[in-house]
Amino acid sequence: MNRPPRHILPLLLPVIMPMLALGPARGAAPRHPSHPATMGGPVTLTQQPDSVLDRAARLLNAGDLAAAARRGNTPVVLVGSAPLSTRAGDSALFVQLQSADLCGSAGCSTSVYLRKDKQDWIKVLDSVSGPVSLSRRTHGGMHDLIINGTDRWVWNGTTYRDTMPAPPADDLRQSIEHYQAQHHKAPPPQ
């Protein structure tokens, strides 16, 4: 095997290292994770046509898929899995449907389903936008979910709830009334 002279290696490193950091070349076959998200890491969503997860996702979202088909759209179905529970054997299914009709200005939404003891899938988090990561912190035996890097959702015993407080209703009403006053619309009846 021909090796470059040792004095050339320090010169080549600045060129080679960025290429290695970029990952596989364009056009290379996509690599799917060989295992689900680890605790404290992102949940990777990928197309997995005709897999067990893909079939479950399509069944659970049959209404949305049928409505999209009636409008002439074929959404891309992305799925992922992760062990949300601290109990062995409980798995979660993360589903994102992507199409122009189903995604908005905040991106495409992801729903999370939990399967305990190999029973039916139960929706435990509906339609959040942004990347989803698992936290090492737990509540009620379930790992917290981090949405968009900062929004923590915690388990309340039956579903996930957001920990970010909602704006006070009075502030919202005042904001609407202020907007309507600027645009000459009557305030809503009380």
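Let's start with the rings. A search of the whole structure finds 1 aromatic pair. It is formed by Trp-155 and Tyr-160: ring centres 5.2 Å apart, planes at 65°, so the pair is edge-to-face. The rule here: rings of Phe, Tyr and Trp (its six-membered ring) pair if their centres lie within 6.5 Å, and planes under 30 degrees apart count as stacked, over 60 as edge-to-face, the rest as tilted.

A word on the source. This is a predicted model, where local features need pLDDT of at least 70, side-chain atom pairs count only at pLDDT 80 or more, and totals for chains, interfaces and linings use all residues. Residues are numbered from 1 along each chain as its sequence is written, and side-chain values use heavy atoms, with hydrogens and water left out.

Back to the pair. Are its members buried or exposed? Trp-155 has a relative accessible area of 9%, so it is buried. Tyr-160 is at 4%, so it counts as buried too. Buried means under 20% relative accessible area, exposed over 50%, partly exposed in between (1.4 Å probe, protein chains only).

Now the strands around them. Strand 7 covers residues 151–155 and pairs with strand 8 in the antiparallel sense, over 3 bridges. Strands are DSSP runs of E, at least two residues; helices are runs of H or I, at least four; both are numbered from the N terminus. Two strands pair if DSSP finds at least two bridges between them. Trp-153 has Asp-162 in strand 8 as its bridge partner.

Next, Arg-161. This residue sits in strand 8. Its relative accessibility is 43%, so Arg-161 counts as partly exposed. What does Arg-161 contact, leaving aside neighbours within four places in sequence? Arg-152, Trp-153, Val-154 and Asn-156. Contact means heavy atoms within 4.5 Å.

4 strands form an open sheet in the order 5-6-7-8, with antiparallel pairing. Its edge strands are strand 5 (132–139) and strand 8 (160–162), each pairing on one side only. The twist averages 35° from one strand to the next. Angles run from 0 to 180 degrees between N-to-C directions, on axes fitted to C-alpha atoms, for helices over the stretch in contact.
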